[in-house]
Amino acid sequence: QDIFSLCQALPSLEVLDLTNNTMENDFVESPLLKNIRVLVLNNCGVTWELIEKLKVPFACLTDLHLIWNKLNIITTPAGNFVQGFDTLRLLNLEDNHIVSWDEMVKLSYLRSLEQLHLNKNKIKHVRYPSNLPSSGSLGDVAVPAFEKLQVLLLGSNEIEDFPSVDSLNLFPSLMDVRISDNPIADPAKGGAPRFVLVARLGNVKILNGSEVSARERREAEIRYIRLVMGKAESSDPELLKQLHPRFAELKAFHGIEDEKPTSRMSGPQKMASGLISITLKCVGPSMGEKQPLTKKLPPATTVGKLKSLCESFFKLKDIKLRLFLEEE
C-alpha cells in the first residue's frame, strides 16, 4: 500500500525498482498506475499469485524483472495460460530455479512479449508448444504460441539434447538465442561446436551474444552438411531426417551432391582423387612478379605445413609469412 501511495504522489515516475525489498504477498485495493513502465522486483520474495494481482494496477508495464524469487511454478487463476499484461515486452525470470519448460508454456499468449530471459535456471528440455489450441487465450483470433518472441535467453541451464535446439526453429519470430553454458553447447561435454548450432538454427541472427553474418552462416551450413555426409553413410533417410531436420533442405539450398563412390580406385589413382587443388599467389611488395602456382595437396594439410610449403615453392627465407584466403 505504501508503494501505491508513493507512485500516485509521483505521476511522472516510469521506472520502479524495489530490488531486495521483501514484501507481503497480499493487498486489497489498488489504484491504476498507468505511468509505471518498468517494474523491478528482484529478490523480493514474491510469488506468481502476487504477480497475477499486480497486472491490474500495473496495466501498462513494458518490462518486468523477477530475478531471484524462486518462481519455479507459474500459477494461473483460470485456464493454463497467463492472461493480461497486454503491453509487456520483456519478462526477466533469470535465476529462479525453473526446472520444467511446461511452466514457460503458460506464457505462450502474452500478446506483446518480445524478450524472455531465462538464464541461470535448471531447464533440461525446450519444446515449441505445437499442440496448444490455436486460439490460445485471445478469444476467437487464431494466433501462434509466442507469436512475437524475438529474444530467448537460455544460458547456464541444463539443456543437453538436439531436439531442444531444433525446436527453436518453430518459434515464429525468434532471432536472438543464448544457449551458452549448457551441455549441448559445450564440446568438452559432448555438445556441439558453434558452427553446428548456427547450421541447425536457420533463422537466428544473434547466437550467444555474437552476430551470425551471412558468410558465417554459409560456411557453417556447408561444413555441417559435410559433417553429416561423412557420418551418415549407413543411416536410413527417415532416421537422418529425425536426427538432422535441416540437412536435406541445406543440401539442396547449397547444391551439394552426394559424393560418388570411389571403391574401384586403388593405389596412386585413389590417392590423387582425394587431393585438393589450391592456387598460391605470392603478393609480398618486395617479391617482384612471380607466377601463381597451382598445387594439389591432401585435405589433411595444416596451415603450418602450407606455410612451410610456400617458403620452399617461392624460395622465401627469413620472412614472416602470412596467408590470406581470396574467395571466388
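**Rings, strands and gaps**

Tutor: A search of the whole structure finds six aromatic pairs. Before we go on: this is a predicted model, where local features need pLDDT of at least 70, side-chain atom pairs count only at pLDDT 80 or more, and totals for chains, interfaces and linings use all residues. Residues are numbered from 1 along each chain as its sequence is written, and side-chain values use heavy atoms, with hydrogens and water left out.

Student: What makes W101 and F146 an aromatic pair, and why is the pair called tilted?

Tutor: Rings of Phe, Tyr and Trp (its six-membered ring) pair if their centres lie within 6.5 Å; planes under 30 degrees apart are stacked, over 60 edge-to-face, and the rest tilted. Here the centres are 6.3 Å apart and the planes make 35 degrees, so W101 and F146 are a tilted pair.

Student: Which parts does that pair tie together?

Tutor: W101 sits in helix 3 (residues 101-105) and F146 in the loop between strand 5 and strand 6, so parts 45 residues apart in sequence are tied together. Helices (H or I, at least four residues) and strands (E, at least two) are DSSP runs, numbered from the N terminus.

Student: How do you know whether F146 is buried or exposed?

Tutor: Buried means under 20% relative accessible area, exposed over 50%, and partly exposed in between (1.4 Å probe, protein chains only). F146 has 3%, so it is buried. W101, with 5%, is buried too.

Student: What makes the pair of F146 and F171 tilted?

Tutor: Their ring centres are 5.5 Å apart and their planes stand at 40 degrees, so this pair is tilted. F171 lies in the loop between helix 4 (162-167) and strand 7 (176-178), so the pair ties together parts that are 25 residues apart in sequence. F171 is buried, at 1% relative accessibility. Ring pairs also link W101, Y128, F146 and F171 into a cluster.

Student: What does the sheet look like?

Tutor: The open sheet has nine strands in the order 1-2-3-4-5-6-7-8-9, with mixed pairing.

Student: Why are strand 1 and strand 9 called edge strands?

Tutor: Strand 1 (15-17) and strand 9 (210-211) are the edge strands, and each pairs on one side only.

Student: How do you know that strand 1 pairs with strand 2?

Tutor: Two strands pair if DSSP finds at least two bridges between them. Three bridges join strand 1 to strand 2 (residues 38-40), so they pair, and they run parallel. D17 stands opposite V40 in strand 2.

Student: What makes the phi of N43 worth a look?

Tutor: Most residues other than glycine have a negative phi. N43 has a positive phi near 55 degrees and is not a glycine. N43 is in the loop between strand 2 and helix 2 (48-54), and its relative accessible area of 36% makes it partly exposed.

Student: How many disulfides are there?

Tutor: A disulfide is a pair of cysteine sulfur atoms within 2.5 Å, and the count by that rule is zero. As for individual cysteines, C7 is buried at 1%, and C44 is buried at 0%.
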